[in-house]
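User: Hello! I would like to walk through a protein model with you, one question at a time.

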Amino acid sequence: MKRTLLAFAATALLSLPAEAATKIGVSMAYFDDNFLTILRNAMTEEAKAKGAEIQFEDAKGDIGNQTSQIQNFIASGVDAIIVNPVDTSATPQMSQLTVDAKIPLVFVNRKPDGDTLPDGVVFVGSDERQSGTLEMEELARLAGYKGNVVVMVGELATNAAQLRTKDVEDVVAKYPDMKIVEKQTANFQRNEAIDLMTNWLTAGTDFTIVAANNDEMAIGAILAMQQAGKDPKPYLIGGIDATPDALAEMEKGTLDVTVFQNARGQGKGAVEAALKLAAGEKLDSWQWIPFELVTPENMKKFSQ
């Protein structure tokens, strides 16, 4: 009888369904972006480490695509959604979709609009009020607080581009011998930055400092100068993100300043937040990951 009961108990345990893995749907603004690729890889690694299922979709810079992807995630019954927004002005509508569906939502990297978020919605990223300020203050110091500045602006619809540009403008305004002579968008893209810098060089724009909203555009500026037969080293060039490509340029002496935005930390933090929200935990709406200034003197610390 004892053996029979033990056998029955073992059979009953084996017949219990395995606990289903938490399913997370992720909509990325782009796949073909160096920083966002690091972010996406970090999310993949963290989900695997935590035994969660994760599905990525590429919005390809289209807010319509991104909205459809969120709606499809909701219809498929995911446990949580992570969004790297194409257009931060559309984030309130995204939040409403997930709140109505009672599915937790995590915005990552690009801060959603507004100062408050609904219950069940959080942001994991860095405070953009620091990034452009760190970049431009260091460029100003290196320049002796004088010189003409050109600003390469990211996607105008993003909070990051807006705040990083304002940071740069505010720093330059502090110093009477500095001024911004050009400010145009290159949409965070290397190729667009090559075209933009080529246009400035062709037009004979007088500048000594390049403040780019991200590393990809800073690298585009460097490449355009080299293609035009100009040595980028006499110029002061800054970016933001501290990507591996940017650190390689800094090693060569062509990039003077960048600002570490912790893509891996943001990716890991986004998945952690999604899993906690899916488990019913309450979290602070704003999960901040600090920026850090990167220069040739400390760049080894940030090599990935």
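Analyst: Helices (H or I, at least four residues) and strands (E, at least two) are DSSP runs, numbered from the N terminus. This is a predicted model, in which local features need pLDDT of at least 70 and side-chain atom pairs count only at pLDDT 80 or more, while totals for chains, interfaces and linings use all residues. Residues are numbered from 1 along each chain as its sequence is written, and side-chain values use heavy atoms, with hydrogens and water left out.

User: Which residue in E8 is the bridge partner of Met152?
Analyst: E8 also pairs with strand E6 (residues 147-153), in the parallel sense and over 4 bridges. In E8, the bridge partner of Met152 is Ala212.

User: Which residues of E8 point the other way from Ile209 and Ala211?
Analyst: In a regular strand the side chains alternate between the two faces of the sheet. In E8, Ile209 and Ala211 point one way, and all four residues named here are buried (under 20% relative accessible area, with exposed being over 50% and partly exposed in between, for a 1.4 Å probe and protein chains only). The residues pointing the other way are Val210 and Ala212.

User: In what order do the 6 strands of the open sheet run?
Analyst: The protein chain has 10 helices and 12 strands. In the open sheet of 6 strands the pairing is parallel. The order is E2-E1-E3-E4-E5-E11.

User: How many residues of E1 are buried?
Analyst: Strand E1 (residues 23-28) pairs with strand E3 (residues 80-83) in the parallel sense over 4 bridges, and with E2 in the parallel sense over 6 bridges. In these pairings, Ile81 of E3 is the bridge partner of Gly25, and Phe56 of E2 stands opposite Val26. E1 is largely enclosed by the rest of the structure, because the number of its 6 residues that are buried is 5.

User: Which strands does helix H4 touch?
Analyst: Helix H4 (residues 91-101) packs on the sheet through contacts (heavy atoms within 4.5 Å). Its direction makes about 155 degrees with that of E4; axes are lines fitted to C-alpha atoms, for helices over the stretch in contact, and angles run from 0 to 180 degrees between N-to-C directions. The strands touched by H4 are E3, E4 (105-108) and E5 (121-125).

User: Is Thr98 buried or exposed?
Analyst: Thr98 has its place in helix H4. Leaving aside neighbours within four places in sequence, Thr98 is in contact with Ile70, Ile74, Ile81, Ile103, Leu105 and Val121. At 1% relative accessibility, Thr98 counts as buried.

User: What distance separates the C-alpha atoms of Thr98 and Ile74?
Analyst: Ile74 is one of the residues in contact with Thr98. The two are 24 residues apart along the chain, and their C-alpha atoms are separated by 7.4 Å.

User: What share of the 304 residues in the protein chain is buried?
Analyst: The C-alpha trace spans about 90 × 40 × 30 Å along its principal axes. Of the 304 residues in the protein chain, the buried share is 50%.

Notes
Pairing = 2+ DSSP bridges.
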